[in-house]
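Okay, thanks for having me, everyone. Let me put the model up on the screen, and then I'll walk you through it.

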Amino acid sequence: MSTIRYVHESTISVAPAFGELEQHRAELISYCYRMLGSPFDAEDAVQDTFVRAWRSRDRFEGRSAMRSWLYRIATNVCLDLLKSRQRRVRPMDLGPASEPLESNLNVRSSIEWIEPLPEQLIAPDGDPADKAVERESIRLAFVAALQHLPPRQRAVLVLREVLRWEASEVAELLETTVAAVNSSLQRARATLSQSNISTSDPLPRLNDADRALLERYVAAFERYDITALTSLIREDASQSMPPYDMWLSGRDNVFAWWFGPGIGCRGSRVIPAISANGMPTYGQYKPSPQGGFEPWALQVLELSGGRIADFTFFLDTAKLFPLFGLPPRLDS
């Protein structure tokens with residue numbers, strides 16, 4: 001039996017109010033993901049939150065809402081975790097773009113990478129305007145930018161600007177003053193502004209033209225048709241492939257990789273997956289010498305100006321494909 005299910009079922013018989021725990025699970029995972037940069041770490045943090053809630057149930061006096069109390073515990077769990085680890089990053093956080101050469105393909109074993117979050121784990125309920133902010137603040141680039149903030153500033157920014165908590169509520173949660181919360185928020189905004197990223201950056205919903213573009217991209221990628229791909233990808237497009245630290249800038253460099261060291265991707269199958277971070281997402285399978293197709297990458301795309309602006313190829317398929325509902329291999 002899972003920890004969460006155990007806590008949930010046990011608390012119902014002892015304190016009826018604790019039957020409310022499970023309904024907060026999705027939004028807590030979404031919150032912890034912004035703090036930690038990994039859906040797996042976020043899941044662990046929420047499990048720990050529920051266990052701590054169960055163990056301290058006798059101290060819950062009911063004066064504050066269950067939701068606020070759980071956020072307090074979840075924040076403390078995340079802050080504890082962040083004391084003992086380095087921040088998660090994307091390859092572009094480590095330095096300038098590389099030349100598209102196989103010799104630049106390095107794995108840094110000491111690096112922890114930002115990992116994608118399936119869209120169904122983004123808290124789904126609430127006002128449409130709040131849901132729009134939820135989607136914008138879950139983008140890979142925004143989550144990566146959050147990791148540059150000290151942990152308490154990170155919590156303040158997410159609680160104030162994403163979840164729309166009042167400064168007084170955040171001060172109570174963090175056991176500090178309103179003035180300190182406002183100061184932390186100001187410093188966090190200043191740091192984010194250096195990355196030209198904010199919670200107001202739009203993540204447009206896909207329209208019919210975007211969906212048609214993506215269909216053409218899948219067909220062109222499977223054909224490895226450079227002419228068709230050229231018309232679909234921005235000239236200033238970028239590409240990264242965690243866990244490799246190499247990233248590429250510019251369509252010409254992306255193609256130099258695809259048709260050079262990455263030529264093994266020719267003949268791949270590409271199938272739709274659950275959206276990662278509110279972005280178009282696909283499972284890529286490379287041809288296998290034994291027949292069929294083996295998993296190669298979770299492709300997460302970003303669109304801009306009617307073309308593809310960024311490719312993130314997450315290569316840890318053993319870990320990510322089950323999370324995104326993708327089969328372990330394709331027979332044909």
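I'll start with the overall picture and then go through a few helices and some individual residues.

Some housekeeping. This is a predicted model, so local features need a pLDDT of at least 70, side-chain atom pairs count only at pLDDT 80 or more, and totals for chains, interfaces and linings use all residues. Residues are numbered from 1 along each chain as its sequence is written, and side-chain values use heavy atoms, leaving out hydrogens and water.

How confident is the predictor? pLDDT is its confidence in each residue, on a scale from 0 to 100. The chain averages 88, and 86% of the residues score at least 70. Residues 1-16 are below 50, and beyond near neighbours in sequence that stretch has 26 contacts in the model, a contact being heavy atoms within 4.5 Å. Where pLDDT is low, the predicted coordinates should not be read in detail.

Now the overall make-up. The chain has 13 helices and six strands. Those are DSSP runs numbered from the N terminus: helices are H or I with at least four residues, and strands are E with at least two. Of the 332 residues in the chain, 50% are buried. By buried I mean under 20% relative accessible area; exposed is over 50%, and partly exposed is in between, with a 1.4 Å probe and protein chains only. Taking contacts with a separation of 6 or more, 67% of them join residues 24 or more positions apart.

Let's go to α7, residues 151-162. How far does α7 reach? Its 12 residues take it 16 Å from first C-alpha to last, close to the 16 Å expected at 1.5 Å a residue; the expected span is 1.5 Å times one less than the number of residues. Nine of those 12 residues are buried, so α7 is largely enclosed by the rest of the structure. Among the buried ones are Q153, R154, V156 and L157. Just after α7, R164 takes a positive phi of about 65 degrees.

Which way does α7 run relative to α9, residues 178-193? Their axes come within 9 Å and cross at roughly 95 degrees. Those axes are lines fitted to C-alpha atoms, for helices over the stretch in contact, with angles from 0 to 180 degrees between N-to-C directions. Angles under 35 degrees count as roughly parallel, over 145 as roughly antiparallel, 65 to 115 as roughly perpendicular and the rest as oblique. So α7 and α9 are roughly perpendicular to each other. On the α7 side, the residues that meet α9 are Q153, V156, L157, R160 and E161, and their partners in α9 include V181, L185 and L192. By class, this contact has six nonpolar, two polar and four charged residues. For the classes, Ala, Val, Leu, Ile, Met, Phe, Trp, Tyr, Cys and Pro are nonpolar, Asp, Glu, Lys and Arg are charged, and the others, Gly among them, are polar.

Leaving aside neighbours within four places in sequence, V181 is in contact with V156, R160, A167, V170, A171 and T176. V170 sits 11 residues away along the chain, with the two C-alpha atoms 7.1 Å apart.

Buried or exposed? Q147 is buried, at 2% relative accessible area. Its contacts, not counting residues up to four places away, include R34, R87, I114 and R154.

Next, α10, residues 208-223: its 16 residues should span 22 Å, and its end C-alpha atoms are 23 Å apart, which agrees. The buried residues of α10 pack against α11, α12, β3, β4, β5 and β6. In the loop between α10 and α11 lies Y224, whose phi is near 55 degrees, a positive value in a residue other than glycine. Y224 counts as buried, at 4% relative accessibility.

E175, in the loop between α8 and α9, also has a positive phi, about 55 degrees, without being a glycine. At 68% relative accessibility, E175 counts as exposed.

Last stop: P243, in the loop between β1 and β2. The peptide bond from P242 to P243 is cis, with omega near 20 degrees. P243 is partly exposed, at 28% relative accessible area. It touches N106, V107, R108, W113 and L315, again not counting residues up to four places away in sequence.

Terms used:
pLDDT is the predictor's confidence in each residue, from 0 to 100.
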